[in-house]
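Welcome to this short tour. Keep your viewer open and select each stop as we come to it.

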Amino acid sequence: MPVLMRFNGLPVDRQLMVEKRSEAERQIVQLKGKIEYIIGSNVAIGANASTAAFKKYLFDEQQLPKMKSTDKDKDALDDETLILLKEWCAGNKPDLVELFELVQEYRHWGKLKSTYIDGYIKHISNATRRLHPDLLPFTTETGRFASKNPNCQNMPRMGNDDVGVRNFITAPEGKLLLSLDFSQIELRVGAFYCKDEQMLETYKTGGDIHALTTAVIYKIPLAEAMDESHPLYKERRTIAKNCNFSTFFGLFPRGLQRTLRFKAGLDVSLDECDKIINNLKFGYPRLSRWQDEVKKRAGFRAYTETWLGRRRAIPQIRSATWSVKAFAERVAINTPIQGTATDILKLSLARIIRGLPDRPWLKLLLQIHDELVFEIPENEVKNAVIFVKNCMEQQPFEAFSVPIIAEAEVGKRFGELRGVKADYVE
């Protein structure tokens, strides 16, 4: 499978990359000038605004509080620290708030240029004019694929990307890109493992799991949780989504608070996070029971495993150090879910590969977590979607009773794919 994807390669628009590189360079120069206007041109900020000179300016000259330390006990200046410093300055040194906004944007453009423009351009093959990344199926602890030369699995999504990196991947003349993505596969696997009746019923009836969790954690009727006109609908649903994507992996109040703050931009008190988690455990009683069983079993065996028996050793779960043991327990819970979801994807890939000899027009290009990307002729959309959906939505093994859904999108550019209507593929 990885060899086939590497052989096919990703068709790219090199000219667009070059144009966007010029745009990124202009943005970086402008942002650097604005930063230097505030701190002085004598303070070297480097390519990532994390130099010793910049830290000295912040923590020594400006006397800003030291929010975090690195593993080597140095002053941290990662993205989370920038947010914390900006918030502190809003109440104590408002004249410096703009500085941190500029630095965040400077880093953002720097990463886009170095990782996704320069990094991609240097790997374009002179022979095929395509990217041919190495897909590594056995290098991660959970069994997920990894990608390098270049890494094409961490492309930013539209809406969080001023450059439009995904649009670099462009179908050749007469062809289209087709993407099929498992819908909430890890949540479905989690529901299968913990056997919570509400979760299982929601998936079996095609319900809204995020609305169900909203109702559970706020103790409100499901109808209210689904009411988009309600003034609290958006915030509640955002919190519910973050709970859903974290709850199977061991959720603590402080961790939820950090997730909501730095990923969702919501400032939720520690007490409220504690209440949310307690309501979650009460509303999904089998979830906590399953987590306790997994941790206990892993503590006895010193390993955890997927449903199909792929093991991951975690000797740290017997550590006397609480932080080490707690991390190992989260690993014990995470691996069966993420690992089993990966096993399901790989089983789907095997079915797809078996069907390719009868469909030489279907080119498998890339795997990104729960998503598969293909290149197809413009007149084969219907046949391709029916075939791939059937391969992905089959029951992966006899015990798995949760419906699996693969959602299809198609288009000329990877960043501009549009959903395929259900009646189009019936």
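What is the length of the polar contact that joins the side chains of Thr-81 and Asp-78? Select both residues and show their side chains: the polar contact joining them is 2.6 Å. Bear in mind throughout that you are looking at a predicted model.

**Stop 1: around Thr-81**

Stay with Thr-81 and colour helix H4, residues 79-92, where Thr-81 has its place. Is Thr-81 buried or exposed? Thr-81 is buried, because its relative accessible area is 0%, and the cut-off for buried is under 20%.

**Stop 2**

For a contrast, go to Ala-52, which lies in helix H3, residues 52-61. Ala-52 counts as exposed because its relative accessibility is 64%, and exposed means over 50%. Select Asp-75 as well and draw a distance between the two C-alpha atoms. Ala-52 and Asp-75 are 23 residues apart in sequence, and their C-alpha atoms are 9.3 Å apart in space.

**Stop 3**

Next, look inside. In soluble globular proteins, nonpolar side chains tend to be buried together. Here the largest nonpolar core has 121 residues. Its largest share, 12 residues, comes from helix H5, so colour residues 97-121 to find that helix. Which residues have the most contacts inside the core? They are Phe-54 and Phe-374.

Centre the view on Phe-374. Leaving aside neighbours within four places in sequence, Phe-374 is in contact with several leucines, including Leu-176, Leu-177, Leu-178 and Leu-180. Ile-352, Lys-363 and Val-388 are also among the contacts of Phe-374.

**Stop 4: the largest pocket**

Now show a surface and look for the largest pocket, with a volume of about 700 Å³. The lining is made of 24 residues. Which of them lie nearest the centre of the pocket? Select Arg-157, Asp-181, Phe-245, His-369 and Asp-370 to see them. Strand S5 (175-182), helix H6 (185-194) and helix H10 (233-247) are the elements that each give two or more residues to this lining. H6 gives the most, with three residues. If you colour the lining by residue type, you will find eight nonpolar, seven polar and nine charged residues.

**Stop 5: helix H6**

Select H6 by itself. H6 is largely enclosed by the rest of the structure, because 10 of its 10 residues are buried. Among these buried residues are Glu-186 and Arg-188, along with Leu-187, Phe-192 and Tyr-193. Step on to Lys-195, which follows H6 and has a positive phi, near 60 degrees.

**Stop 6: the largest cavity**

The last stop is inside again. How many cavities of 30 Å³ or more are there? The count comes to three, and the largest cavity holds about 50 Å³ of space. Select its lining: Thr-214, Glu-224, Ala-225, His-230, Leu-232, Tyr-233, Arg-236 and Arg-237. Helix H9 (222-225) and H10 each give two or more residues to this lining, and H10 gives the most, with three. By type, the lining of the largest cavity divides into three nonpolar, two polar and three charged residues.

Terms used
Residues numbered from 1 in each chain as written. Predicted model: local features only at pLDDT ≥ 70, side-chain atom pairs only at ≥ 80, totals over all residues. Heavy atoms only, no water. 1 Å grid on protein atoms, 1.4 Å probe; cavity = no way out; pocket = protein on both sides within 12 Å on 5 of 7 lines; lining within 4 Å. Points joined across faces, edges and corners; volume = space filled by probe spheres on them. Helix = DSSP H or I, 4+ residues; strand = E, 2+ residues; numbered from the N terminus. Nonpolar A, V, L, I, M, F, W, Y, C, P; charged D, E, K, R; others polar. Core = buried A, V, L, I, M, F, W, Y, C linked by side-chain atoms within 4.5 Å. Buried < 20%, exposed > 50% of the residue type's maximum accessible area, 1.4 Å probe, protein only. Contact = heavy atoms within 4.5 Å. Polar contact = N/O pair within 3.5 Å; in protein donor to acceptor, adjacent residues only side chain to side chain.
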